[in-house]
Amino acid sequence: MKMTMFKVLGTSALLSAMSVGSAFATECIAPANPGGGWDFTCRQIANIMYEVKAIDAPMQVTNMAGGGGGVAFSAVVADHNTDPDVIVAASSATTTRLAQNAYAGMTADQVRFVGAIGADPGVIVVAKDSPFQNLGDMVAAIKADPASVAFAGGSAVGGFDHMKPLQIMKAAGFNDITKIKYIGVDGGADAITQTVGGFTQAMTGDMSEIVGFIKSGDVRVLAVLTEERVPGFEDIPTAREQGFDVVAVNWRGVYVPKGISDDQFNTWATRLKAVADSEQWKTAMAENGLAPFTKVGADFQTWVDGVIADTVTLSKEIGVIQ
Amino acid sequence: MDLLNNLALGFSIALSPYTLVLAVIGCFVGTIIGALPGLGPSNGVALLIPISFSMGFDAISALVLLTSVYYGAMYGGRISSILLNIPGDEPAMMTTLDGYPMAKQGKAGDALVVSGVASFVGAFLATVGLMLMAPWLARVAFKFGPAEYFALYMLAFCTLGGVGSNNQAKSAMAACIGLGIAMIGLDKTTNMQRFTFGNLHLFDGIDFLVAIVGLFAVSEVFHFIETHGKNSAIGVKLGKVLIPWKMLNDTKGAMLRGSGIGFLAGILPGAGASLGSFLAYMGEKSISNDKASFGKGNPRGVAAPEAGNNAAAGGALIPMLTLGVPGSGTTAVLLALLLTLNITPGPLLFTERPDVVWSLIAALLIANVMLLIMNVPMVKVFVKILSVPSYILLPGVTMIAFVGIYSLTGSSFDMMLMVGFGVLGYVCRKIDIPTVPIILGILLGNAMEDNLRRAMILSDGDWTYLFSSPIAIGFWIAAVLGFLAPIFLRQFVKKPPLPTTDED
């Protein structure tokens, strides 16, 4: 019996140690369960920042899932507003949701965006047997009959993946964007499955989600939504060079609490720069289909403000927000 | 020969004393995590990921540890289902239906051995299936679009009647309660809020683990308090565990059929282990000559869902490894692990990283054999954990339930919600509404709705799209039969005896 109690207690002690324990100086909050982009960002930053000695004690990674990042956002605003030791992983999804008021009334100016260290380039993909050879073919088909092409993507309607084809069609001078068909499925791989299976005609997503499928030859990438072609994928044309001026990348970065001093903000910016410049991060990016995209400090905050303003405009047009 | 070479490669990597120790630890921890209500395989694995990082494991060691936990939890879930009538995790839910009645009849040991062997058979066959046919089976996922998934979920709901209660109307009502609860949260198609009242904690909807622990474990506590511990589920005695050869022989068909159904459900992303065990149970019941004995302690009702959920656990690895599409919550966490180890699952994983794939397969086989040893001859060790006097066990279960749920979300809100589900479960028990369909409604409701709406977007609102492929039509026919057959057959079969009211 003693043994039994010991086991029960032991298990719960183990559990509480895992969920509470924090003898660490700095903390990265991943606003989602382990896995996925935010968790990846935190774990890589935590490892590399310590390895390159930008911080002198290991960084704690905490998963705080819920509300599509909203739970962590509200926790930072409410409980950590002046905490100089906490950073939170963020990406395009964070700013899209803030722009669309999906965080229960909280706004982007309640935190400070400190930097991005890489980006997952947006892509438009079709199955290998698709009649579309380039982005122009697809745009022409949609203009002729918007119902003939359905997109699958890993985000909900109005989410980042949905915005990419809408931006392309707008760039092509097609303004009836509510006619464009889009279904949101559970992640990019699922969207690929639906497209290869022929249920949708195209997939909109991120480069990292399709790397395996490009190599296996199941899909054809019509365009990558970056300014330049992506290193390692030089044969994939950009949308811009095909005449559609759209750049959409899913950046990977972090925000910090609003109430910290400018010095503390700049300290984080410097540390992030050290991660972005490290060999370890370059390797991790290459293995995960990320492209270099470094913006830190005040530059990044300005850029984020611009992106949010654009998202608000587009979201109003498709009726996601009023 | 290729296969044997690959397997040898896998074993040569996975079979070192160090990894074997990890596998033993993983299996043991996994079984306990599975057996404890509130801790399922997905949060068990999720909790261990940070640990394996801080221990600095390499990819293979981390995989061995976590897949052992994964399979261990699938085995462990059944223990509390049978002994306490509280499923240790969601796929073990179906095992309560016949497992607990068996335990009450003094056949707890038999039920544990049969379910342990069934788990082994299911998991073993699924691992073999994964080994032989993974790249080919991955193509099955391409055949399933929104219409096919919707029809599949429809099949599950149509066969719901008669689960856990003898009253079909009450089952249907319970399923509707579950579907209603599933509507809470952000609508995935448009990202609009539904029934959230602006509360961030409700944005992601109700976590089914919260519902399960509330409906089963917390309501059990209320019942226990009311009856002062008499007639409570807690405290079923386990006699000497003997191997019931005859029972094993009688249930081998159920195990094989359960494995097949579970494996197929596992391969489909979005179906998963819960649907696998549910369909395995319903399938077994529907071909049985003795339907009335299901729900009253039929060993086949234990063997089929256990084989089903373990086979589904193996099957779910196929889309995860070959497409990067996780077939269940736990494989989503394993996928996360692979990505953090810089291994990107996809169509080329088998050719590009054979070391990873085949050592994973070897790890699964090792874990499975260990788990059989742990769970059949050594089952008493685990049972001891659950067979302490109820005045100690019950507070313990409650505490673990709260800790487990808190570790999931880190918010007190979910704990309040869990207590709320406890009250709901208690009320349902009083008026004899089964709680299993409520959970199924919560589990499958969103996916069913999302697929219907995707189908409607793709077809511009044309309903005939739902019947547009042979696979979908097949599911529809099975669904209609599953729904009508019991009603129709009732006229020919002797009217079932009035529900024997349990003491509770």
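Q: What percentage of the 504 residues in chain B is buried?
A: A residue counts as buried if 20 or more other C-beta atoms, placed from the backbone, lie within 10 Å of its own. In chain B, 61% of the 504 residues are buried. This is a predicted model, in which local features need pLDDT of at least 70, side-chain atom pairs count only at pLDDT 80 or more, and totals for chains, interfaces and linings use all residues. Residues are numbered from 1 along each chain as its sequence is written, and chains are lettered from A in the order in which they are written.

Q: How many helices and strands does chain B have?
A: Helices (H or I, at least four residues) and strands (E, at least two) are DSSP runs, numbered from the N terminus. Chain B has 21 helices and 2 strands.

Q: At what angle do α4(B) and α16(B) pack?
A: Axes are lines fitted to C-alpha atoms over the stretch in contact, and angles run from 0 to 180 degrees between N-to-C directions. Helix α4 (residues 59-84) and helix α16 (residues 354-375) of chain B pack at about 40°, with axes 9 Å apart. Angles under 35 degrees are roughly parallel, over 145 roughly antiparallel, 65 to 115 roughly perpendicular and the rest oblique, so α4(B) and α16(B) are oblique to each other.

Q: Which residues of α4(B) and α16(B) make the contact?
A: Two residues are in contact if their C-beta atoms, placed from the backbone, lie within 7 Å. Those of α4(B) include B:Leu63 and B:Tyr71, and those of α16(B) include B:Leu360 and B:Ala367. For classes, Ala, Val, Leu, Ile, Met, Phe, Trp, Tyr, Cys and Pro count as nonpolar, Asp, Glu, Lys and Arg as charged, and the others, Gly among them, as polar. The contact of α4(B) with α16(B) has 12 nonpolar, 6 polar and no charged residues.

Q: How is α2(B) placed against α16(B), and at what angle?
A: Helix α2 (residues 17-35) of chain B packs against α16(B) at about 55°, with the axes 10 Å apart. That angle makes α2(B) oblique to α16(B). Among the contact residues are B:Phe28 of α2(B) and B:Met370 of α16(B). This contact divides into 10 nonpolar, 3 polar and no charged residues.

Q: Which domains does the assignment give for chain A?
A: Domain bounds come from an automatic or database domain assignment. For chain A they are domain 1 (24-120 + 249-317) and domain 2 (121-242). The C-alpha centres of these two domains of chain A lie 26 Å apart. Their contact takes 16 residues from domain 1 and 17 residues from domain 2.

Key
Buried ≥ 20, exposed ≤ 12 C-beta atoms within 10 Å, placed from the backbone.
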